[in-house]
Structure formats: C-alpha cells, structure tokens
Amino acid sequence: MDLFNRDELKRLAQSDDGLCISIYMPTHRFRSDWSQNTTRFKNLLRDVRDQLREQEYRESDIDNILGEARQLLDRPGFWRGLSEGLAAFLTTDTSEFYRLPLPFDEVAIVEDRFHLKPLFPLIASNNRYYLLALSQNDVRLYQGTHQAISEVEAAEIPSDIVTAIQQYEEPPEQGLQSHTQAAPSSPDGGEAGQVRHGHGSSEDQSREPKDQLKRFFRRIDESVTDFIGGEEAPLVLAGVSEYLPLYKSVNNFPHLVDDDIIAGNPEQLELKELHREAWSVVESVLQAVQQQELDRFEDLYHENAELASGDFHEIVPACAYGRVDTLFVPQGQYRWGRFDPDSNTVRVHDSQEPGDGDLLNYAALKSYLSGAAVHVLSPEEMPGGRSVAAIFRYEADVTATETG
C-alpha cells in the first residue's frame, strides 16, 4: 500500500496544471481476480482518451499523457501490491498512482483540477487510523479505514526486535565488571546492605531485556512519530502482552488509543482478522468525533441559521471565500457545473458538460485549503439527509446567483 496523508492531498489540491485527470477504481488483492484489475484500468484509460478527444486533444498528445499509466499494465509487481482501491492522477507532465485501503467507485474525470473528494475519508478524523503491530520477529505499521487495512510499506521503521536486543547487549568485558552500589532501603527504613551487580545478578539480568526493549521501542516511536506525527488519526497497538506496556511507557505520539489488541503473535493473524480487531478498538473513538460534529451542526442550524446551512447556493461561495469552518459532503455524488467567484454566480447541470467540474469537489478542496474540517460521508450519514451542509465561521450573505 502507498502512503496518502494530508500533505499529499494538499499538494494535489494546489496543482495548477490546465489538465488534471483523476481515475479511481476498486481493486482485487487475490491472484485469481488480478485480471479484473488490469481490465478495469484499461477501460478507464479508454474513457479518459474519449474525454480528451472530445476536448480536441491530438492523438499524439493523448498517447504522451497516458503513456506512463499504460506502462503500468506491463508491471505485474505493481498489481501484486494492491490494497482495496487505486487512485491515479495524470497531467501533461506527471503521473502519480496510489494503492489505498478504500474501495473507490469506478470513475474517470477530466477537469482543470484534480477530483479529490473520494480521498477525504483517508485524511478525515472520523474514518482513518493507524495500527502498529509488535511481534518478536517483526514490526509493521498499517493504515486502516472502516473498509480495509493495509501495510504502509514506505514507513522506515525498525522491524527486528531480536536483532535489536542483541545489538544493545553490553560487551562481555563490560558486563563482567562488578560495582558496589547502595541498596534500596529496607521496609523498616534501614539500609538492607550492599548489593554487588554483575553479569550474574538475577535482578540485573531481568532488568536488561526490558531496558533493551525500551531502547528499541524508543527508536520505533521516533520513526512512527516522524512518519505520522503531524496527523490526528488514532494509533492502535497490537502485540504480545508484555511488549505493549513497555511501548506505551516510551510513546510520544499524542493520539495513542488506550485499548489495544493483545495477540500471541500479530504475524499469525490474517489481515481480515487484524482489521476486525482494530476496528473494534477504534470504532467508538472515530464515531464519537463524527457525531460531535454532526450534533454541532444540528444545534447551530436550529439555533442560529446564519452560522449553519444546507443551502448549496450559499455553501459553494462560502467555501470559495474561506467562510466555512466545517463542511459535510456526500460520497459518490456529484453536482456538475461551474462557479465564478468574481461574479458570485453558479451554473449547474444534470450531467457533466464540457468545461464542467464537480462543485462538491470544488467546495471540499476550497474549504480544506482554507483550514476547514471536511467530512465526506455516505448519503445516509449526511446531517438530516441533506445533499450538502456547512458550519460557518461568521455570518454573511453570500448566496450565489444561478445562471443558465
């Protein structure tokens, strides 16, 4: 699986290339279904080619734009590393591909900006989490959503606990040296005498493995914090019972979940089982965040309509002008048209026409870049069943006029 985080989304959202091609598709992990992945991808590339022809691009230019994407079809290693979904972003000069733990709806969109709304569940605080699996022979970091979980292969995290313990063991000549140390006070307040610590001390021997593990876990914590430290997604631990308290004692990631998954060896858990166990731990945490935002919208909507709205024509310009604090948009739905921020006018069509973009995607990107929280929810989860909803930072009358 490939890493996708807030920085990646922001970078793609800020792309100013005149041509932005976005491709999404669900993918199959199992070998018996791999042919469906390449067939589906071929069909989507054919769809993109047709859209570019409609925009009067020359065949040679289309071949250059789609060249790297077509080369993927001859790279079996790429298709072996799939997760639940594939997202591709193409311009006249660049091609980027992400294998991600979300089963996207199949779609190919050609606009003047990337269609990124399907990716918001990966950076939203109400759906995404990380899982760190600690076993004796391996350490792995996973990124998960409600739908799936996949290993983050790009994470440079120390993995071999056994090797780490051996690496941190004292040299023999140092370990054989004894020294005299005052012993702890006895229960009656007096000194219990002196204890000589050396390689033969059972107390020292029992302490050393824990100290070595703590040092190793600090290295892991540093790597994890460097990798996901700027994110608010919860982190769940899975591992051997004696490892988990030690890791927690050195953890510096602020969103570590108290509950964990105690497994004799996480390596022996199938990915589906690991996902099920992880979701059972984080579900309540993530749903609480989402419900809190939904409740806040409903309270404001009924108490102060100037600070909350479900009016599409008010929300789109509010997103463009940086007025939105929190935005809710439905997943898998589109509102085709154009918005002109200079004249504050909006044009909406039932289906995509030349020059149209998805205005829900436009609203999500503009809100996100202005610092708003964006929640991409299933239509059933939308507040009051609305097609779009927003909480505003301040009161204003900026409702857009619709043009023909």
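1. A word on terms to begin with: a residue is called buried under 20% relative accessible area, exposed over 50%, and partly exposed in between. By that scale R347 is partly exposed, because its relative accessible area is 26%. Please keep in mind that this is a predicted model.

2. R347 pairs with D356 in a salt bridge, at 3.7 Å from N to O.

3. One network, joined through shared partners, takes in R49, D50, R53, E59 and D63.

4. Do look at D112 and R338, whose side chains form a salt bridge of 3.0 Å (N to O). D112 sits in the loop between β4 (107–111) and α5 (120–123) while R338 belongs to strand β14 (residues 336–340), so this pair ties together parts 226 residues apart in sequence. D112 is partly exposed at 32% relative accessible area, and R338 is partly exposed at 25%.

5. Another pair is D325 and R296, with their closest N and O atoms 2.7 Å apart in a salt bridge. Since D325 lies in strand β13 (residues 324–330) and R296 in helix α10 (residues 271–303), the bridge ties together parts that are 29 residues apart in sequence. D325 is partly exposed, with 26% relative accessible area; R296 is partly exposed as well, at 32%.

6. Finally, which residues of helix α9 (residues 243–250) are buried? They are Y243, L244, L246, Y247 and V250. These residues lie on the same side of α9 because they cover an arc of only 165° around the axis.

Technical notes:
Residues numbered from 1 in each chain as written. Predicted model: local features only at pLDDT ≥ 70, side-chain atom pairs only at ≥ 80, totals over all residues. Heavy atoms only, no water. Buried < 20%, exposed > 50% of the residue type's maximum accessible area, 1.4 Å probe, protein only. Helix = DSSP H or I, 4+ residues; strand = E, 2+ residues; numbered from the N terminus. Arc of directions from axis to C-beta. Salt bridge = Lys/Arg side-chain N within 4 Å of Asp/Glu carboxyl O.
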